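Look at the structure first, then read the points below.

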Amino acid sequence: SMSATIIDGKAYAQGLRARIARAVGELSRQDVTPGLAVVIVGEDPASQLYVANKARQTVEVGMRSFQHKLPASTGEAELLGLVARLNADPAVDGILVQLPLPRQIDAQKVIEAIDPAKDVDGFHPINAGKLMTGAPGLVSCTPLGCLLLIQSVRRDLAGLDAVVVGRSNIVGKPMAQLLVGQSCTVTLAHSKTRNLAEICRRADILVAAVGRPEMVRGEWVKPGAVVIDVGINRVPNPATGEGRTKVVGDVAFEEAAGVASAITPVPGGVGPMTIACLLRNTLEAACLRRGLALPPVDAAGS
């Protein structure tokens, strides 16, 4: 029996993109058009799809899209040269290098070569440091999207117990920092955590970002908790025939939805927020670079 509010990330992302489009329209009257450059190295089909979606949504909100497709054989020096040119290009406000990169390229070196003011992925150590110290900077897209979805069902998070499962630099660590910034009491759990179920059961806000299908069970969820599922796991789907797969999250959805007050589905929850927040970061970067205030885009009526 489901009692939880299903948090519709697709609808929220659509609203966020509409507010971004309005803000971009206002900026264009001041002769400012935010530009996002996306760099992809090699032919990975999943990456190709992401890049195509990013480009399409960038143009849909009125921004300029610059795509750079490089062969899989591209050397590190060549990629770093392109990043340097994009850093220097005044038409480019945001630079995103699609991961994973081929083996001959050191991804960390490339991330650190991006101008932190244009680092719309929020992966540069300078931006990670700004998040840690509470300074304004560009925040990693997925955790930012998660926070917006949490706030769509609970405005004031001060004093709540939050548990983040997963300690990646891309999701877990910045998620924990964002929740600290909202005055939550935060536990960052991971594969070495003892009594994980017990720790999860304390959480008023539970964020699962481990990449293990349906690991978080219903009995791990505190009654009334807000559950955010970052996992995207392909698993066999015998119901639809041999060799077919389906996508599930890191949370056993049906079980958790019977206990939680609100929960994100997979797909249709956190996923659509990632590109919407990328566009939000590009808008923010365009404003920060020019000393303009970021227009209010995060929530309807806020």
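Helix H2 passes helix H10 in a right-handed crossing, meaning that the near helix is turned clockwise from the far one by less than a right angle. Helices here are DSSP runs (H or I, at least four residues) numbered from the N terminus. The model is predicted, so local features need pLDDT of at least 70 and side-chain atom pairs count only at pLDDT 80 or more, while totals for chains, interfaces and linings use all residues. Residues are numbered from 1 along each chain as its sequence is written, and side-chain values use heavy atoms, leaving out hydrogens and water.

**Helix pair**
- The axes of H2 (residues 45–60) and H10 (residues 271–289) come within 10 Å and cross at roughly 50°; axes are lines fitted to C-alpha atoms over the stretch in contact, and angles run from 0 to 180 degrees between N-to-C directions.
- H2 and H10 are therefore oblique to each other, the class left after angles under 35 degrees (roughly parallel), over 145 (roughly antiparallel) and 65 to 115 (roughly perpendicular).
- From H2, Asn53, Lys54, Gln57 and Thr58 meet Ile275, Leu278 and Leu279 of H10, where contact means heavy atoms within 4.5 Å.

**Cysteines**
- The count of disulfides (pairs of cysteine sulfur atoms within 2.5 Å) is zero.
- For cysteine 146, the closest cysteine sulfur is in cysteine 277, 8.7 Å away, too far for a bond.
- Cysteine 146 counts as buried because its relative accessibility is 0%; buried means under 20% relative accessible area, with a 1.4 Å probe and protein chains only.
- Cysteine 200 is likewise buried, at 0%, and its sulfur lies 15 Å from the closest cysteine sulfur, that of cysteine 146, too far for a bond.

Notes. Helices (H or I, at least four residues) and strands (E, at least two) are DSSP runs, numbered from the N terminus. Buried means under 20% relative accessible area, exposed over 50%, partly exposed in between (1.4 Å probe, protein chains only).
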